[in-house]
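This briefing is meant to be read alongside the sequence and the coordinates. It moves from confidence to overall form, then to local detail and to the contacts between chains.

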Amino acid sequence: MEKNSAPLLEMRNIKKDFFGNQVLTDINLTLREGEVLGLVGENGAGKSTLMKILFGMDVIRETGGYEGDILLNGEKVKFSTPFDALEAGIGMVHQEFSLIPGFTATENILLNREPTKTNVISQIFGSRLSTLDRKGMDRRAQDAIEKMGVKIDPHMVIGDMPVGHKQFTEIARELSKEQLKLLILDEPTAVLTEQEAEALLNSIRSMASRGISVIFITHRLHEILAVCDKVVIMRDGYVVKESPAKEIDVPEITHWMVGREVDAVAAPAEPRSHEGAKNILSVRNLWVDMPGETVRNVNLDVKEGEILGIGGLAGQGKLGIPNGIMGLYEAGGTVEFGGKSLPLNTPRACLDASLAFVSEDRRGVGLLLDESLEWNVAFSAMQIHNKFLKNIGGIIKWRDERAIHKVTEQYIEELMIKCTSSRQKARELSGGNQQKICLAKAFALQPKFLFVSEPTRGIDVGAKALVLEALRKFNRENGVTIVVISSELEELRQTCDRIAIVSGGEIAGILPATRAAEEFGMLMVSKVK
Amino acid sequence: MEHSATIDTRRSTFQVLIRRFGLPRLIIAGFLLLLFIMAPFVGANLTVQILNVINRFSWNAVLVLALVPMIHSGCGLNFGVPLGIVAGLLGGTLSIELGFEGVPSFIMAIVLATPFALLLGTGYGALLNKIKGGEMMITTYVGLSAISFMCMMWLLLPYSSPTMVYGLSGSGLRPTISVEGFYDQVLAGFLEIPVTADQSIPTGTLLFFALLAFLMWAFLHTKTGTAMTAVGSNPSFARASGINVDRMRLLSVIMSTWLAAIGILVYQQGFGFIQLYTAPNNLTLPTVAAILIGGASINKASIPNVIIGTILFQGIVTMTPTVLNSMIHMDMSEVIRIIVSNGMILYALTRKTEGLR
Amino acid sequence: MKTKHSFQSKVGQLVRDNSVPIMFILICAVCIPLSGFSPSYLLNEIVTRMGRNTFLILCLIIPIIAGLGLNFAMTLGAMAGEIALILVSDWQIWGIPGVVLAMIISIPISILLGLLCGKILNRAKGREMITSYFISFFMNGVYQLVVLYMMGPIIPIVHDSIKLPRGYGIRNTVSLLNMRQAVDNLLAINIGGVKIPVLTFLFIAALCLFLIWFRRTKLGQDMRAVGQNMDVARDAGINVDRTRIVSVLISTVVAGFGMILYLQNMGNISTYSSHSQIGMFSIAALLVGGASVEKASIGNAFLGVTLFHLMFIVAPSAGAQVTGDSMTGEYFRVFVSYGVIAIALVMYEAKKRRAKSNASRLLAEAQKQGKEERA
């Protein structure tokens, strides 16, 4: 077979680094015509980066390109823009919809590729003045929808469509491109209902039977097994396992996804048990409306003095938990803190109750980018606890610049923040140092309880270790209960006492940090919706 | 960090200047400097010119200051200045109507304008909280609507003071009302330093502005003022820190409106006349342009921006007619004023670094 | 019960969506009897003003489709039209040839100004309206510079009748007496005392047909896409910036033509004020016709021009009847023009916010339901 012709797609020794940070190492991948390849791996394993390389996304070129070769039908290709990739027959359906809300399905499917009729004016002033061939558009859209094998109304306006149909419109748009040979589906079933997902799997099968190859990325492992010919598992930028779908099962996939050879080295430092401690925070039936991180029904008890980790795959709702409790997104349910009920949807009440939150959205929520480090560190404590203020005449609360300067300098030293001075603008700092400023802000509040969301996202290794060490120290020395939310299981296992895994907007289970990685892996995919 | 520092020092000072002040600001400052240098050569009396600039600065500075709170809280440039002006006009005319004279008339004008300013400011602020993101366009038209609504009111309200109403019909306010005998020069006259026969330094007005500017500076150094700045800098951050963003914005709008009311009264006591009907419209653009020329942007403004901006803008307005007139016998000052003020606003609106609003 | 409820809510929706036109119908209904004008007089006036203004109002539609909102910088086109007319009247080319020549001359000026305006607006994405508003003021300064100081010394102007006595610059009013209603009168017919300027209406009809045709072209489709979501359009390979510039360009050129038609009807140019108010009145009229910042149709333009100008005609005399002062009515109509724009802008922003909060409410409710089911 293999000698008959070159495979449709071949990726050879693909390497990619982001500013010295190796994210892909020696990736080899082959895909034949009409084959369906399931690509799985934890968040950050390198799946999306690999697909971005294949699709010629700008971000790859802007960050210095990649190493290795991509071969299409045996010919070496190098795409500098997604349009080149489209030209060569590669289509991609992204996680976010890319549709015009006021257009019909037909108009969206053929956006900027509409068949037109020339007329006198267009012959003089250019083809953009040709009129649209509505009949031709209908025909081509209908063809694409049929190819997909799922019924959607071509004349329905996108804005009125259920989420699943929007997803199908996107797929139909890719199918309407005649040159399409390879379709990349990036977590297409995340937003679909059970039946819709089933329909999508069927349509993938029908596409494959028409000779279109598919790369299918998903966290729902049974889907992979149901539809794929081949499974490729990635971890930490390596392909760790490649296997025909028939010869592998869900437990084995999860094992490969989270398993670490270096398990013993990264074992959690000094795990502690807080069995006897009282519950400082009790959460019951929490729902949070955070787009992309919906929390459906969370019940959780946090023991006083512990470091609790919350892990889980992206989009399963782990980020929604702190954001909902701290009042940043609309939430419902009951939360008790230290035996007292904590009102939801009011950030102020949480801060008054001595909770603090280091947001995962550093630049959007965590920092005043255009203000000095001093302001960033001192602001919350000033507003909540009236710290760093001088009272003039008993009424006027005057900013105490000296106290602010002192506390900022103290944290700069303690957390080893690299900056020119405490008056430097937060915008000018590197990601790791910005994160440290966010921590300093929370520390300055002197909270009893601290939520830290994705503390190491996007920062380098050195800063990572420092940040985690600072959290551990804050917990040990000040007796502050800390909940760390992170996508990186390894980091949680090193830092936390217990780890709760969120899946499908609920807590799938809580285990001591010493348990094997596979056990957490199984929990992660247990309720994936 | 060190790397970028060396680049900075290597750059010529001129480039650094451009980056810090912005090219338009430098051009305007340079143009004004040129005008001052030219002035003696074309026969204009430099002392008179400088006194002119100082006087006009004293009239306008409070109005420009009124923009600061709203810029700080992230409401953008307040093209709704006329709303505050309307409150000030009501205060001024009512004070005269009620028969106050001299210094008390000015104090009463402020006192009477205050409830109107608070009321209008509250409504205006509540409206702006409903339309976050579209403030500037809407403030423009709220301002214009307010002015044209008051045009009707000036005719219909039952004013009767003979100094203000049309002589023939005995009702309806005249477009221009002299404040002589009421609060003409009440501030300017205080500790006035006469320089030439008919010109002097209006010490009182400058002191009054200094007082208000100091209060504003002080406010921005309090806990509440700090919160207001944070709301303008990053509303999400402020909210996560437990700040009630809407209330801060409302407070800033009320402050802006009240200051604009005071500002127009200060303007009138210097100018000598109350101008009604469509005249207040003409104050919006120069006010906004002045603070931008002074170095403010859509979401950052300081007291020095106010002072520098007002001096530069009023300098151009007073100097161009005299100098150009005697040089080329053409009065192009009006055209230059239009191009400079609107060009400055366009520059601020199209700066890429301004962030999205 | 349910159908009645939905009927009520439908009527409520209809009233809410059309609150501005309904408000205007009420204002007119009150003012017309008060003003004491005869129906035939009113009809005549409306027809005249429709011929005069509709072209200018229609020029606003294309930027709205392209997502630029209300194009306050349409005055740029008006300025181009005025400059063209000033030149033509200096060359003393009158009548229909004068009008046509003016239109031809206005095109390059409009294109230049439109290009500049489009480029600036592309730098101010997300705040196009306020920017276009200030572009119109800024260019008004430049216009004065050209007309007041450059016409004469730099741009040759021969005839003293349009030159200021000082020897350069254009007078405050330029008479177009020899061109007055040249278009309106050609082919005009008279029905029951109402003069109908057929040729003008043919011009307008041609523009309407152009707009209808334009929406069906590839470019029109691209503009709709850009107007709704620039990022998606860009991802699909549409040149967003260029498309936006083209929309401003067309608007400016059409505004130039519109201004020439407007001025030939008036019979004179108020050199320094004609253009400055026309933008506001055209935008107000379009909004009165039920258009919004993101949606406008030809029907909106016609309804708007009728209602707005009806109010314009009757307000002063109705105001005089009520208050005994004709100025009250004058101020009233200015107030209404500004007010209607303010209201339309507030409604647009409020609707954007409502749409957002609605989405989150629905999500929360769905989750609550889901939870109840599970419990």
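The points below are grouped by topic.

Chain A has 19 helices and 24 strands, whereas chain C has 15 helices and four strands. Contacts of chain C with chain A and with chain B are described at the end.

**Confidence in chain A**

- Where pLDDT is low, predicted coordinates should not be read in detail.
- Among the elements of chain A, helix α5 (residues 120–125) has the lowest confidence, with a mean of 81, while strand β22 (residues 481–485) has the highest, at 94.

**Overall form of chains A and C**

- The radius of gyration of chain A is 26 Å, which agrees with the value near 24 Å that a compact globule of 529 residues would have.
- Taken along the principal axes, the C-alpha atoms of chain A fill a box of roughly 80 × 60 × 45 Å.
- Of the 529 residues in chain A, 48% are buried, and among the contacts in chain A with a separation of 6 or more, 67% are between residues 24 or more positions apart.
- Chain C has a radius of gyration of 23 Å, close to the 21 Å given by the globule rule for 375 residues, so chain C is as compact as a globular protein of that length.
- The C-alpha trace of chain C spans about 90 × 55 × 35 Å along its principal axes.
- In chain C, 51% of the 375 residues are buried, and 73% of the contacts with a separation of 6 or more are between residues 24 or more positions apart.

**Strand pairing in chain A**

- Strand β1 (residues 9–18) and strand β4 (residues 67–72) of chain A run antiparallel and are joined by five bridges; in this pairing, Lys15(A) has Glu67(A) in β4(A) as its bridge partner.
- β4(A) is also joined by three bridges to strand β5 (residues 75–77) of chain A, again in an antiparallel arrangement, with Ile70(A) standing opposite Val77(A) in β5(A).
- β4(A) and β5(A) form a hairpin with two residues between them, and Asn73(A) in the turn has a positive phi of about 50 degrees.
- Strand β18 (residues 355–358) of chain A runs parallel to strand β21 (residues 449–453) of chain A, with four bridges between them, and Phe357(A) stands opposite Phe451(A) in β21(A).
- In a regular strand the side chains alternate between the two faces of the sheet.

**Buried residues and the nonpolar core**

- The largest nonpolar core has 397 residues, and those with the most contacts inside it are Phe216(A) and Met311(C).
- Leaving aside residues up to four places away in sequence, Phe216(A) touches a set that includes Val36(A), Leu37(A), Leu39(A), Ile204(A) and Cys228(A).
- Leu175(A), which is found in helix α7 (residues 163–175) of chain A, counts as buried because it has 23 C-beta neighbours inside 10 Å.
- With residues up to four places away in sequence left out, Leu175(A) touches Ala144(A), Lys147(A), Met148(A) and Leu180(A).
- Leu175(A) and Glu10(A) are 165 residues apart in sequence, and their C-alpha atoms are 22 Å apart in space.

**Contacts between chains**

- The contact between chains A and C takes 24 residues from chain A and 21 residues from chain C.
- On the side of chain A that touches chain C, β8 (131–132), β13 (279–288) and β14 (295–303) each supply at least two residues, and the residues of that side divide into nine nonpolar, ten polar and five charged.
- The contact between chains B and C takes 34 residues from chain B and 36 residues from chain C.
- On the side of chain B that touches chain C, α7 (102–130), α8 (135–156) and α15 (333–350) each supply at least two residues, and the largest share, 14 residues, comes from α8(B).
- By class, that side of chain B has 22 nonpolar, nine polar and three charged residues.

Note on methods. Residues numbered from 1 in each chain as written. Chains lettered and ligands numbered in written order. Predicted model: local features only at pLDDT ≥ 70, side-chain atom pairs only at ≥ 80, totals over all residues. pLDDT = per-residue confidence, 0-100. Contact = placed C-beta atoms within 7 Å. Nonpolar A, V, L, I, M, F, W, Y, C, P; charged D, E, K, R; others polar. Rg over C-alpha atoms; globule rule 2.2 N^0.38 Å. Buried ≥ 20, exposed ≤ 12 C-beta atoms within 10 Å, placed from the backbone. Pairing = 2+ DSSP bridges. Core = buried A, V, L, I, M, F, W, Y, C linked by C-beta atoms within 7 Å.
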